[in-house]
Amino acid sequence: MLRSLVGSEMCIRDRMHGGLISTLLDETMGNYPYMYEHKVAYTARLEVRFRQPVRIGERIDVITKVKRRKGMLLEMTGQVIREDGTVAAEADGKLMYEERA
C-alpha cells in the first residue's frame, strides 16, 4: 500500500493527471514482487479504469493485490482509494518475472 497527498504540482487544473495515477498503480504493483518475494518483475501490460477525479490536497491510498501466479507471469489488481472511501481508479496488471541467468 502507498499513501500520498496530492499536491498542485501533480495536477492539471484541479485534478491529478491520469498518467500519474497510472504510474502510482504501476509502481505499487511492480514493488510487490521485489519487497515480498525478493524477485524483479517488469510490467508487461497495465489496464487502468478511471472512476472519479482525485483533487488537489486529497489524501489517497494505492492498494495492490496478487490475483494469480502462473510460471513467469504475475497478475495483479490495484485501486486508488480517495479519502471518502470511493474508488478513483482501478487497474489490472500483468508482470513478468526477470529470468535468472
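Me: Which backbone oxygen lies 3.4 Å from a polar atom of the Arg 82 side chain?

Reply: That of Pro 53. The pair is a polar contact (N or O atoms within 3.5 Å; within protein, one must be able to donate a hydrogen and the other to accept it, and residues adjacent in sequence count only if both atoms are side-chain atoms).

Me: What is this model, and how are residues numbered?

Reply: It is a predicted model, where local features need pLDDT of at least 70, side-chain atom pairs count only at pLDDT 80 or more, and totals for chains, interfaces and linings use all residues. Residues are numbered from 1 along each chain as its sequence is written, and side-chain values use heavy atoms, with hydrogens and water left out.

Me: Where does Arg 82 lie?

Reply: In the loop between strand 6 (73-81) and strand 7. Strands here are DSSP runs (E, at least two residues), numbered from the N terminus.

Me: Is Arg 82 buried or exposed?

Reply: Buried, at 17% relative accessible area. Buried means under 20%, exposed over 50%, partly exposed in between (1.4 Å probe, protein chains only).

Me: What does Arg 82 touch?

Reply: Leaving out residues up to four places away in sequence, its contacts (heavy atoms within 4.5 Å) are Gln 52, Pro 53, Glu 58, Arg 59, Ile 60 and Ala 88.

Me: Switching topic. How many salt bridges does the structure hold?

Reply: Eight. A salt bridge is a side-chain nitrogen of Lys or Arg within 4 Å of a carboxyl oxygen of Asp or Glu.

Me: Which residues are linked in a network?

Reply: Glu 47, Arg 49, Arg 51, Lys 67, Glu 90 and Asp 92.

Me: What are the N to O distances for Arg 49?

Reply: With Glu 47, 3.5 Å. With Asp 92, the closest N and O atoms are 3.3 Å apart. Asp 92 is in strand 7 (residues 87-97) and Arg 49 in strand 4 (residues 41-50), so this pair ties together parts 43 residues apart in sequence.

Me: How accessible are those side chains?

Reply: Arg 49 is partly exposed at 25%. Glu 47 is partly exposed at 39%. Asp 92 is partly exposed at 26%.

Me: And what does Glu 75 pair with?

Reply: Arg 68, in a salt bridge of 2.9 Å, N to O. Glu 75 is buried at 11%, whereas Arg 68 is partly exposed at 42%.

Methods: Helix = DSSP H or I, 4+ residues; strand = E, 2+ residues; numbered from the N terminus.
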